[in-house]
Amino acid sequence: MLKLFRNLTKQERGLAVLALAFIVTQVWLDLKSPEYMAEITRLVQVEGSTMPQILTAGGKMLSCSLGSLLASVATAVCASRIATGFGGTMRAKLFGKVQSFSMEEIGRFSTPSLITRSTNDVMQIQMLIVMGLQMLIKAPITAVWAITKIAGKRWEWTAATAVSIVALLAVVAVCLAVATPRFRRMQRLTDDLNRVSRENLSGLSVVRAYNAEGYQQHRFDTVNDTLTNNQLVGNRTMVFLMPTIQATMSGLSLAIYWIGAVLINSSAMANKISLFSDMMVFSQYAIQVVMAFMMLVMIFMILPRAQVAADRINEVLETETTIKDGTREEGEPGRVGEIEFRDVTFRYPDAEGSMLRHVSFTAHRGETVAFIGSTGSGKSTVINLIPRFYDATWGKVLVDGVDVRDYSVRALRNKIGYVSQKATLFGGTVSTNVAYGDNGRGPVGEEDVADAIETAQASEFVEKMEGAYHAQVAQGGANLSGGQRQRLSIARAVARKPEILIFDDSFSALDYKTDRVLRDALEREFANTTRIIVAQRIGTIRDADRIVVLDEGRVVGQGTHEELMHDCETYRQIALSQLSEEELM
Amino acid sequence: MAGMHTSSAPRGPMGHGPVGHGARGAAGQRIDRGTWGRLFNYCRRFLPAVAVALICAMVGTVLTLLGPNMLSDITDAVQDGIAPNSDKLEQVVEAVTRNIEANAAAMAQQQAAAMAAAGAPVGVGDVDAMSAAGMGAAATGSDTAEGATSAAPSLDDLASMPAETRDALLTDVEVDGVIITGADQQKLLDIFSNLDMSDTEAAMAALDELPASVKSLVEPRIDMDLIARIALTLVAFYVASYVLSVVQGWIMTTVTQRIGRSMRADISAKINRLPMSYFNTVPTGDILSRITNDVDTLGQSLSQSVGTLLSAVVLFFGSLFMMITTNGWMTLAAVGASLLGFVLMMGIMGHSQKYFVRQQSALGALSGHIEESYTGHSVIAAYNAEDRVRAEFDRMNGELVNAGFRAQCLSGLMMPIMMFIGNFGYVAVCVVGGALALDGQIGFGVIVAFMLYVRYFTQPLSQIAQGVQALQSAGAAGTRVFEFLEAREMADESAKPARRAQGVRGEVEFDHVRFTYAGSDKPVIKDFSAHALPGQKVAIVGPTGAGKTTMVNLLMRFFEIDGGQIRIDGVPTSEMRREDVHALFCMVLQDTWLFEGTVRENLVYCDEGVTDEEVQRACRAVGLDHFIRSLPHGYDTVLNDQVNLSQGQKQQMTIARAMIADKPMLILDEATSNVDTRTELKIQQAMDELMRGRTSFVIAHRLSTIKNADLILVMKEGDIIESGTHDELLAAGGFYADLYNSQFAE
């Protein structure tokens, strides 16, 4: 937690000190005003007081509480400024950090977890700062100050106060001990409830096809009951908390008066009056002390949660990305669009087996190199090594004759147009999606966008959309079909006019005809661009210059379709599973 | 302490539930007018319990109204017992003086008699002096201080008298049954003679020196019996209100949890009674958020607001009533001062709502952006778009910081302002009360009472404001819950005759089927007619959007057809119960749907009486048995995030599930398109096994898988444009041939 607070800016630290000063002022005024209150009470009760006397005392009390109001307003402003500012800083830091991550780190944390850390966890910390500044600091100050006011009075009262604080803390401790584990479990139980409902909703047709509505409801009832019972026990326990606090405070006041009455009664005449005023003061401040302790308890309740959030944030901030930036901006002179894998072996961190073993191949300018293999054979992994989403564990990946690790990441990626397996679009317009990013050669013009969309066989549907090239695209491209998304993401890669185009199974959502036409268009327009294609369909890749067959991370065959049909058993199996033998020859 | 609960159980926008789904503030939410009525109806069976809770809250509040009044009674009693009993002191002095006078008179007579006998005119002056001193003390006895001072010189005279004279003058007196000896009187007189009455403390200290007999009379006594009586009553009050609030809280918690549970169950049950078309318009996240967030919000806000609101209202009107009955002018002052502050606070609250809404929407926007950026991380990286994304993030983040700051600030003002309003009312009451008291219009008791009332009057104002706010969010949540619960369900079919799946031959006829999705005017299926004979394999092919899956959904009656008929063994499906139609088909879909449960649970699913033997046979048939046995717990392995099944394995599971369900007909909708072709080959055998003897409908875009179909229906834009076997269609050289050949065109 403290480590996290090192990220506070100078200004925020200054504000914190300022807030502290305001809090001290506020506590001072808050503890002062009961004195004036008592004075007013006395003046009103005693015969012979004059109006100016009452007005003076009233004025003093009002100024006290007005001052306290102003001080707390100032504290609130400072605390809010610090908390929201700090929250903003933390979010920005996290966001920047996550952006610098490679797939490896993202995979380690998982995307949903990173999202939660950047939003919820930061909010937790933000809340702690606001509450903390107003309570964590105020509570001990109030407690100590109030204690000094009543210190040295009769021990009987002190004892009563101590007893009630101890009793209160004991009840609170018991309540929390019972309730906290249940509240902690609640998140998981809510997740269960969500999961079962989500399963029902996502499998709606299966549920109905199997007439499994009753079964599904039964599963729901089970988690629902568990959740409800857990909540019941937790909340019922907490029911005791508030009345206990109330009763303790009232009880303490009564005890102080009762004890006071006995003490006064048995004391010497000379002490009676001072004892009486002591009693009044004590009853005021003892309540303050109890309240301060309650505030502390509350802090201790939110503290562990905030601590967890802080740890989760720190974990992200302290993770160093494994992808280190190089310095080269250009490849070897005269070499363009060349990719070479030299005996590349790749192993996911913490994995036991290697994903890729001793993979070697070369792609020259303008060539089409295709990768095929069953799921899990390592096709996508090969592709991820080129733009450095991961780094090879052993061996070398070279682009234009230079190890990819020597390039600045930006320069390397400017050479590449990458189309991911899952078509990812962003909220905006068709145009902003196609002209996405920075290719190091200035913005992509309107004309280039139109050309790219044409090449990607997307003009037809784009022009039908409302606003055509400026049609709205929802976040994640939710308003487009899978095939449309895929074609737009291909257009996006094409619009960069890169040296190398990478297609990670990017044609799977297209029907055979579109697939065919699109590949023809690419062949026509991008004859000088090296193309790397991962595919499942033989049809998509059979005319590639070179086909690399992968099986369990090893290259088991390399060559043209005809060559492979002849001498690669794995390839032949894959091919035969899709087309009959005579069609393939 | 409401915050205590929430801090342990986070909720609200950023609590559980789908991220970015929280752009809903307390303000600006829609509340249907009928919501409260519906809620009332829904909670009807809990009403007696709620009534008890409300009575508890009410009685508790009345106790609160009375309690502090009694505490001030104790203060009064103590105060009454502090001041020395001046009346008694006066009495004592008077008695002593009278005694001295009487003794002096007696002495004078004796002396006169003696003088008459001895002729000595001595002592008369002394006696005069004595009586003067006594008279003086008696005359000013009402004020001991003055009396003592004026008496002092004469007492000096007394002191200068010979001892035997004094003894004769100071004989024992009795006051209220207490004998004050001559010595005590002597002491009393000594003390008064040495006293400087301008020093109160010294005077009080002097009182302590009084001889025991006098002291016992003069010393103040607190009425301990009275105090004990009040204190015990108060203890009873406290215990009672403790019990009442616990009972109230317990009931409200229980009731709201139970309502929450039954609402969740109702929503879940509702899901399965709504037509499929409903889910095309409402996103999954939205329904989930109703089950968790909205139901939670509803329960939480209700349990927080109902009791509090009631106590607050009782306290508010109770104190108002007591104020009005006590004094009109004072009431005006108290109410005026409080309302002034309250108006101020309402202004700030209204203002802050705006910022809270802005904060929520800024948070929603930022969460959306973060989600999009993180999920699209590899694309952003590959396209060097970090700067752009970053700039957008910074803009949104700045907006959130800004809106958050304002919202936070304003909400931070609430408590201090409430405190101030309280103090302001207090001072106003004191000042106005003081003025009235000086005029002699009211007594001090009225002021003291008002000091308490004004506290009670301001305290519930903020509670009412918060309660109303909580009710608002409860209303908005309730609106969303009831909106879902009251959505139109599928038609009731209990009147239709039930049909058994046994003995169904599996002849399916489509007779001029027409279908249009609700809300669209373009028909998806225009005029579809086909005839599948028992045991045939019917393939449906065609480009995306041709209506293939729609046909299957119509066959299953997931949607109702608009025109024409679908007949199974001659019976129109519209005359069958939906569940009886479902019972006729095994279905394997492209989405491999598995749930978190054991392998066995997933395979058997809702079937009853399935033996392990049958499960294993199905798994062997789909080639999964070996794999399942290799899992840590075999068939009892729980499928969750930790168990990694490949797409192919998941597909094999769903095929095995269909086998176990063993229904007369089969539907395969793109069942293998997520699987790579080698895996598909393996699964294909299992599927062939499954299709044997069953009328099967197969949708596939890999044409190789359906070449052996008995009937291929080629669909385009909602119509069958070609039909026949593979060879017939190829020979025809139409759309199908085109489609088929495009796979290997050079």
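This is a predicted model: local features need pLDDT of at least 70, side-chain atom pairs count only at pLDDT 80 or more; totals for chains, interfaces and linings use all residues.

Me: How many bridges join β1 of chain A to β2(A)?

Reply: Strand β1 (residues 339–346) of chain A is joined to β2(A) by 5 bridges, and the two run antiparallel. Within this pair, A:Phe341 is placed opposite A:Phe361 of β2(A).

Me: What is the strand order of the open sheet in chain B?

Reply: Its 4 strands follow the order β4-β3-β6-β7 (chain B), with antiparallel pairing. Strands β4 (525–532) and β7 (571–572) of chain B form the edges, each pairing on one side only. Between β6 (residues 563–568) of chain B and β7(B) there are 2 bridges, and B:Arg567 has B:Pro572 as its bridge partner in β7(B).

Me: Which helix lies across β3, β4 and β6 of chain B?

Reply: That is helix α18 (residues 548–555) of chain B, which runs at about 65 degrees to β4(B).

Me: How should I read a nonpolar core?

Reply: In soluble globular proteins, nonpolar side chains tend to be buried together. The largest nonpolar core of this model has 220 residues, and those with the most contacts inside it include A:Val434 and B:Phe450. Helix α16 (residues 386–438) of chain B gives the most to this core, namely 22 residues. Apart from this core lies another of 80 residues, among them B:Phe585 and B:Leu624.

Me: Which residues does A:Val434 touch?

Reply: Leaving aside residues up to four places away in sequence, A:Val434 touches several residues, including A:Val449, A:Leu488 and A:Ala491.

Me: Into which domains is chain A divided?

Reply: The division is into domain 1 (1–136), domain 2 (139–322), domain 3 (325–415 + 499–585) and domain 4 (422–497). The centres of domain 2 and domain 4 of chain A, taken over C-alpha atoms, are separated by 54 Å.

Me: Finally, how many residues of chain A are in contact with chain B?

Reply: In chain A, 138 residues are in contact with 136 residues of chain B. Helix α3 (residues 51–100) of chain A gives the most to the chain A side, with 26 residues. That side divides into 67 nonpolar, 53 polar and 18 charged residues.

Key: Residues are numbered from 1 along each chain as its sequence is written. Chains are lettered from A and ligands numbered from 1 in the order in which they are written. Two strands pair if DSSP finds at least two bridges between them. A nonpolar core is a set of buried Ala, Val, Leu, Ile, Met, Phe, Trp, Tyr and Cys residues joined through C-beta atoms within 7 Å. A residue is buried if 20 or more other C-beta atoms lie within 10 Å of its own, exposed if 12 or fewer, and partly exposed in between; C-beta atoms are placed from the backbone. Two residues are in contact if their C-beta atoms, placed from the backbone, lie within 7 Å. Domain bounds come from an automatic or database domain assignment. Axes are lines fitted to C-alpha atoms, for helices over the stretch in contact, and angles run from 0 to 180 degrees between N-to-C directions. Ala, Val, Leu, Ile, Met, Phe, Trp, Tyr, Cys and Pro count as nonpolar, Asp, Glu, Lys and Arg as charged, and the others, Gly among them, as polar.
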